[in-house]
Amino acid sequence: MIDPFGRHVSYLRVSVTDRCDFRCIYCMSEHMSFLPKRELLTLEELERLCNVFIRKGVRKIRLTGGEPLVRRGIMELFRNLGRQLDNGGLDQLTLTTNGSQLERYADELFEYGVRRVNISLDTLDPVKFRSITRWGHFDKVMAGLDAADKAGLKVKINTVALKDGNADELDELVKWCGEKGYDLTLIETMPLGEIDQDRTDQYLPLSLVRARLEKRWTLEESDYSSGGPARYVTVRETGNRLGFITPLTHNFCESCNRVRLTCTGTLYMCLGQEDAADLRTPMRHSEGDLALEEAIDEAIGRKPKGHDFVIDRHQSRPSLARHMSVTGG
Ligand code: SAM
Ligand code: SF4
């Protein structure tokens with residue numbers, strides 16, 4: 001699949017549910033309304049869609065959400081997609097999770113071929129953790145991290161930089177990740193979906209964070225790329241990678257190789273644009289996959305060049321109405 005700008009689309013992110021057991025302040029409002037269950041694709045339908053994408057050249061699939069591990073029966077999807085690793089259909093099967101259910105699932109994930117997992121963690125302080133996630137239990141996430149380590153999963157930590165939430169702690173997180181052997185990616189808040197507060201209150205430019213971190217750590221430029229939007233440096237003192245995802249201050253779109261599928265079968269060609277393609281209708285209306293393949297080709301043919309997020313003091317409304325938990329982070 002090659003888009004109009006010559007980019008090969010080889011990476012599919014699938015948001016398997018819009019639900020979550022946390023209510024992170026930058027991601028959701030406290031009283032979210034979620035999709036009625038009947039609107040969701042079944043796990044079999046999600047698998048069918050993934051398989052069509054694999055046949056069309058996708059080599060990497062990441063399951064995300066919402067919280068992917070709260071969807072009932074989700075291990076079945078991991079197991080079935082894991083078979084595509086064995087038969088050469090896929091190079092990588094992975095997930096992004098808040099870690100709350102990992103204690104239970106880490107071993108099984110490894111068994112089905114998952115080798116890497118991104119775990120979102122914004123603070124090491126249990127009290128702050130509670131105020132950022134609203135509903136999360138810090139100890140459960142720590143137990144999940146231990147379980148992931150024991151299972152042999154390579155952990156990368158994702159941390160959203162928050163002006164009031166964790167700005168003074170990012171230095172400590174770099175140290176902790178160094179000790180644990182985890183890579184760390186820092187993310188700027190993106191203006192997606194209505195939340196309960198004004199986003200400009202939380203926005204912390206990573207240029208500022210980086211300048212602060214450089215007072216303590218030696219950040220060596222690295223040409224490593226995970227195929228994603230992060231720009232990486234190596235922290236000389238720990239030997240671990242540190243990534244920066246800066247959608248608002250840096251344009252990463254020129255190397256974008258991904259598309260995003262929601263749990264209702266909508267395909268977003270860009271996280272930061274409204275345009276989307278409905279894959280549920282062609283899938284449900286045909287036994288074979290021809291109509292589906294045509295719908296995918298047509299969608300890839302309109303993958304936009306890039307996003308245009310804005311956060312500024314005069315515009316506190318989100319650039320896009322849909323939450324990150326719908327499209328999948
Ligand atoms: N629930 C899982 C988790 O938290 O890892 C997976 C889905 S979550 C939407 C994926 C990632 O998006 C998380 O690392 C989260 O911190 C990030 N995220 C959510 N809302 C965001 C926002 N408005 N701006 C930047 N990152 C956001
Ligand atoms: Fe849930 Fe992840 Fe959003 Fe937090 S960031 S509310 S864990 S989907």
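This is a predicted model: local features need pLDDT of at least 70, side-chain atom pairs count only at pLDDT 80 or more; totals for chains, interfaces and linings use all residues.

Visitor: Which residue in β2 is the bridge partner of V14?
Guide: L63 is the partner of V14. S15 is paired too: its bridge partner in β2 is T64.

Visitor: Is β1 enclosed or open, and why?
Guide: Enclosed, largely. Five of the five residues of β1 (residues 11-15) are buried, so the rest of the structure largely encloses the strand.

Visitor: Which way do the β1 residues point?
Guide: Y11, R13 and S15 point one way, L12 and V14 the other, and all are buried. In a regular strand, side chains alternate between the two faces of the sheet.

Visitor: And β2, which residues lie on each side?
Guide: K60, R62 and T64 are on one side, I61 and L63 on the other. Both faces are covered, and these residues are all buried. With five of its five residues buried, β2 is therefore largely enclosed by the rest of the structure.

Visitor: Switching to helices. Which residues of α4 are buried?
Guide: In α4 (residues 126-133), the buried residues are F129, I132 and T133. They sit on the same side of α4, because they cover an arc of only 85° around the axis. An α-helix has 3.6 residues a turn, so residues three or four places apart point the same way.

Visitor: What covers them?
Guide: The cover over the buried residues of α4 includes α5 (138-151).

Visitor: How about the ends of α4? What caps the N-terminal end?
Guide: D125 does, with a side-chain oxygen 2.8 Å from the backbone nitrogen of V127. After α4 comes R134, with a positive phi near 65°.

Visitor: On to the ligands. Which residues come nearest to ligand 1?
Guide: Y26, G66, S120, V160 and M190, out of 19 residues around ligand 1.

Visitor: What polar atoms lie by its oxygen and nitrogen atoms?
Guide: S120 has a polar side-chain atom 2.5 Å from an oxygen atom of ligand 1. T97 has a polar backbone atom 3.2 Å from an oxygen atom of ligand 1. On the nitrogen side, a polar backbone atom of M190 is 2.7 Å from a nitrogen atom of ligand 1.

Visitor: Last one: which residues are around ligand 2?
Guide: C20, F22, C24, C27, M28, G66 and N98. That shell divides into five nonpolar residues, two polar and no charged.

Definitions and conventions. Residues are numbered from 1 along each chain as its sequence is written. Chains are lettered from A and ligands numbered from 1 in the order in which they are written. Side-chain values use heavy atoms; hydrogens and water are left out. A residue is near a molecule or strand if one of its heavy atoms lies within 4 Å of it. Ala, Val, Leu, Ile, Met, Phe, Trp, Tyr, Cys and Pro count as nonpolar, Asp, Glu, Lys and Arg as charged, and the others, Gly among them, as polar. Buried means under 20% relative accessible area, exposed over 50%, partly exposed in between (1.4 Å probe, protein chains only). Helices (H or I, at least four residues) and strands (E, at least two) are DSSP runs, numbered from the N terminus. The arc is that of the directions from the helix axis to the C-beta atoms. Contact means heavy atoms within 4.5 Å. A polar contact is a pair of N or O atoms within 3.5 Å; within protein, one must be able to donate a hydrogen and the other to accept it, and residues adjacent in sequence count only if both atoms are side-chain atoms. Two strands pair if DSSP finds at least two bridges between them.
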